[in-house]
Amino acid sequence: MSKPAVFVARRIFPDIVDRLREHFDVEETESDQPLPQPELIRRLQGKAGLFATGTERIDTFLLEACPALQAVCLMTVGYNNVDVAACTARGVRVSNAPDVLTETTADFGFALMLAAARRVSEAEAYLRAGRWKEWHVDLLVGADVHGRTLGVLGMGRIGQAIARRGALGFGMKVIYHNRSRLPESVEAPLGARWVSKPQLLAEADHLIVVLPYSPEAQHLIAARELALMKPTATLTNIARGGIVDDAALADALQQGHLAAAGLDVFEGEPTVHPALLECRNVVLTPHIASASIPTRRAMCHLAVDNLIAALTGGEMKTALN
Ligand code: DGY
């Protein structure tokens, strides 16, 4: 019996492709760039499964053009590139890759927050430029993180993992904002307190944005919200570009309305707003929060597990529909 055909839309680890080959007739992209949608559609003809990342746009147009498609399995937790409702309507199964990246992503979020507060990028640039001539009492002084107030916008799995680091490792007071309050059993061990969004903005010394992208979340943090923050505060975004208004953020950083920022995601990435590139007080990284070797491998394996389940009549581990 012939194996179901699947397409792997981005370069992944070769041994993981070998694992796919045990179950499927596999075609891989030769390019390590996101495929333009017409090319993706061409490659998906006759394919039952797609191994995808957060960059392939899966919408009604693609689904109409790829009638053989039965399963789209993402190796990312974010799935704002997939129209899940349109997939459901056509019987196409969709999965993402939560959980396996939670701790790694939380580590990175915390690292960015620390780097922003303690001016790590700025200090390194200063040293590399040969500007370090002597010690000064206020040379590159920054903000403390330990013992300060951590504000988490989006207290899901990753938000809670960051809150754990803050509360248990750094003695931080944790406040958070979610649409709904979490159970006491989650809040109590972290000493976490639900607050309104304006309160979160006003009280946090270090605000971290971790909520999933949705159209309602577009520019959830814009000029008005930034104006509510303390001028000594930092803002870290590891969620998705577009949730923070990058132009407004650059303006706040330049005007001294905010002390520093750490950004791993950007509106329109990989393009970065030119005003942010001009700011010394922002740490910028290219969407790598989940990028440890074990975690990226685990994300790929989870997508493979889901493809195998979806195309052999099994239960996907992390189904979205
Ligand atoms: C995710 O898994 O969504 C990460 O942001 C990588 O894209």
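Which residues surround the ligand? They are Thr76, Val77, Gly78, Leu101, Arg240, His287 and Met299, each with a heavy atom within 4 Å of it. This is a predicted model, in which local features need pLDDT of at least 70, side-chain atom pairs count only at pLDDT 80 or more, and totals for chains, interfaces and linings use all residues. Residues are numbered from 1 along each chain as its sequence is written, and side-chain values use heavy atoms, with hydrogens and water left out.

Start with the ligand's oxygen atoms. A backbone N or O atom of valine 77 lies 2.8 Å from one. A side-chain N or O atom of arginine 240 is 2.7 Å from a ligand oxygen. For histidine 287, a polar side-chain atom lies 2.7 Å from an oxygen atom of the ligand. On its own, the ligand has 230 Å² of accessible area, and the protein covers 85% of that (Shrake-Rupley method, 1.4 Å probe).

Now step back to the whole chain. It has 13 helices and 12 strands, counted as DSSP runs (H or I, at least four residues, for helices; E, at least two, for strands). The radius of gyration is 21 Å, close to the 20 Å that the globule rule gives for 321 residues, so the protein chain is as compact as a globular protein of that length. That radius is taken over C-alpha atoms, and the rule is 2.2 Å times the number of residues to the power 0.38. The C-alpha trace spans about 75 × 50 × 35 Å along its principal axes.

Finally, the surface. The protein chain exposes about 15,200 Å², with carbon and sulfur atoms supplying 55% of it.

Technical notes:
A polar contact is a pair of N or O atoms within 3.5 Å; within protein, one must be able to donate a hydrogen and the other to accept it, and residues adjacent in sequence count only if both atoms are side-chain atoms.
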